[in-house]
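I set out below what I looked up in this structure, entry by entry. The notes are meant for a reader who is new to it.

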Amino acid sequence: MPATLRSILARREFRMELVAGGTLLDPVLDQPLTWAHSSDLDDPTPWLEAGQLLLTDGAQFERTPGEAFAAAYVGRLRDRGVLALGFARGIWHDDIPPALVRASDEAGLPLFAVATATPFIGIIRFVADVIAEERRERLEWSLEAQRAIARAALRVDGLGAILLELAERLESWVALYDSAGTAVRVPGLAPVPSELQPVVEQAVAQALGRGSRAGLRIIEEGGGISLQTLGQRGHLRGVLAVGASTPLDPAGSDLVASVIGLASIALEQRRTLDAARRRLRTGLFELLQSGVVDVADRTAGSLWGPLPTEPVRVALVVGEVPGQSLFDELELLADRNAGRMFFAEHGDETLVITRYDERDEAHPLLRRHGLGAGSSGPVGWSELPRALAEARHAAAATTRERPFVDFENLAEQGLHGLLAASGGAEVARRVLRPVLELPEAERETMLATLRVWLAQNGAWDPAARELGVHRHTVRNRVDAAGALLGVDLERFAARAELWAALQLV
């Protein structure tokens with residue numbers, strides 16, 4: 001516990017009592033003292049610092065009595081940040097000068113009477129001993145915390161372990177952000193308070209945007225935030241954020257500095273290992289595509305656990321993958337679902353393969369990252385190329401409102417649904433461009449004629465009756481459309497393609 005005015009008052013040997021400037025309920029009595037100093041100078045403030053207790057025998061008030069001097073003296077102490085004034089009775093004055101009492105009351109500076117037999121050195125030594133003991137305890141705390149952090153770094157999950165240890169030692173929340181500004185998820189680590197998340201994320205983005213080593217402290221209503229970048233100028237690896245209601249003392253700052261160094265090394269090693277694991281996953285997927293399932297399964301089993309049992313689904317992730325964080329979380333998810341989930345990168349694609357009835361577990365993770373997925377139907381490992389094609393078709397059909405699409409749903413919509421999901425509308429517009437570029441009235445007339453004529457199976461008379469025109473008019477319009485489009489509409493294939501294009505636009 002730090003030395004305070006209340007702790008000095010509690011010691012009977014000092015025989016001090018509060019006579020002016022406040023009450024025993026004032027919180028200033030519980031503020032830590034930075035030192036105790038004695039002086040009888042008219043103006044001792046050049047040798048004083050904020051948070052100190054000043055002791056005096058009152059000689060200055062014998063030299064310069066009066067209200068004006070007392071008020072100016074107390075005002076200087078108050079402006080300097082001195083916490084309190086102790087006045088010794090029975091040396092120059094039998095009692096504290098009334099002018100000093102009134103000035104202390106007016107300024108709100110606690111004034112203590114010190115008994116004649118109480119040596120100032122005893123009070124000073126008490127404060128010094130408590131401060132020394134506090135420093136010794138903080139040093140021991142620092143050494144033990146440093147050892148705990150070092151032990152944590154030796155664990156298999158070293159990065160997560162040192163963050164958990166730091167949060168426990170500082171009794172605060174801790175968050176690590178990667179070079180993309182995405183929070184690194186660590187199981188068991190308390191999240192950033194929701195009210196502070198926008199502030200922290202904005203500060204992290206700004207720190208990474210500058211690209212230089214920097215420390216930052218932010219004061220918010222929900223508490224204080226300390227941020228420190230990791231890595232070298234121009235090659236930042238991330239940002240460490242620590243919640244602290246008050247600024248960290250030297251011991252706490254030293255501990256954070258140690259974690260920053262270890263985390264920087266761990267992130268660098270993790271980047272290399274993650275890249276190797278991702279390349280290995282890609283290689284296993286290529287083996288699976290080539291039909292070498294037994295070798296891929298044995299390899300996966302020795303590293304992560306067996307591959308999902310057949311039938312499986314292939315999901316193609318849709319959207320821009322935000323840095324390394326998604327892959328970190330997929331690793332954790334795959335580890336918890338060994339034998340039921342496998343993921344890999346294939347070119348620019350990220351694929352998640354699960355047992356056909358367990359695909360939904362990855363959806364919350366993808367949704368949290370603002371991503372979607374297109375999933376194939378259930379297939380065996382030997383049918384992986386077909387599953388990949390189906391997943392691509394389903395992925396092409398995803399939208400903001402429908403981020404997850406299954407290929408079976410497209411199949412239920414028939415070939416037209418598949419064409420629409422595969423970007424067929426754009427192809428249809430190109431096929432029909434000569435007609436679509438006609439003046440509006442002419443364009444609408446020709447499109448209506450073509451739709452009715454095709455709906456009537458190319459029969460002239462029924463189409464003419466429905467349109468309310470002569471059969472020769474229908475024939476002329478159809479012939480004109482064929483000439484514009486450069487196709488022979490007497491052929492069934494040309495008619496079928498035209499019908500499909502009209503349906504898609």
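Entry 1. I first noted the angle classes: angles under 35 degrees count as roughly parallel, over 145 as roughly antiparallel, 65 to 115 as roughly perpendicular and the rest as oblique. I recorded that this is a predicted model, in which local features need pLDDT of at least 70, side-chain atom pairs count only at pLDDT 80 or more, and totals for chains, interfaces and linings use all residues. Residues are numbered from 1 along each chain as its sequence is written, and side-chain values use heavy atoms, with hydrogens and water left out.

I looked up helix α18 (residues 460-467) and helix α19 (residues 471-485), which pack at an angle of about 100° with their axes 8 Å apart. The two helices are therefore roughly perpendicular to each other. Here axes are lines fitted to C-alpha atoms, for helices over the stretch in contact, and angles run from 0 to 180 degrees between N-to-C directions. Helices (H or I, at least four residues) and strands (E, at least two) are DSSP runs, numbered from the N terminus.

I then listed the contact residues, contact meaning heavy atoms within 4.5 Å. From α18 they are Trp460, Asp461, Ala463, Ala464 and Leu467, and from α19 they are Arg471, Val474, Arg475 and Val478. By class, this contact has six nonpolar, no polar and three charged residues. For these classes, Ala, Val, Leu, Ile, Met, Phe, Trp, Tyr, Cys and Pro count as nonpolar, Asp, Glu, Lys and Arg as charged, and the others, Gly among them, as polar.

Entry 2. Sheet. I traced an open sheet of five strands in the order β1-β5-β4-β3-β2, with mixed pairing; two strands pair if DSSP finds at least two bridges between them. β1 (16-20) and β2 (35-38) stand at the edges with a single partner strand each, so one side of each has no neighbour in the sheet. The twist averages 30° from one strand to the next.

I followed β1 to strand β5 (residues 111-114): four bridges join them, and they run antiparallel. The bridge partner of leucine 18 in β5 is phenylalanine 112. Helix α5 (residues 120-153) packs on the sheet, where it touches β1, β2, β3 (52-56), β4 (84-88) and β5. The direction of α5 makes about 160° with that of β2.

Entry 3. Around β10. I found a cis peptide bond between glutamate 310 and proline 311, with omega about -5°. Proline 311 lies in the loop between α9 (293-303) and β10. Arginine 313 lies in strand β10 (residues 312-318). Is arginine 313 buried or exposed? Its relative accessibility is 8%, so arginine 313 counts as buried; buried means under 20% relative accessible area, exposed over 50%, partly exposed in between (1.4 Å probe, protein chains only). The side chain of arginine 313 reaches the backbone oxygen of serine 376 at 2.9 Å.

Entry 4. Positive phi. I noted arginine 15, a residue other than glycine with a positive phi near 45°. Arginine 15 sits in the loop between α1 (5-9) and β1, and at 46% relative accessibility it counts as partly exposed. Asparagine 457, also not glycine, has a positive phi near 60°. Asparagine 457 is in the loop between α17 (440-455) and α18, and at 70% relative accessibility it counts as exposed.

Conventions. Polar contact = N/O pair within 3.5 Å; in protein donor to acceptor, adjacent residues only side chain to side chain.
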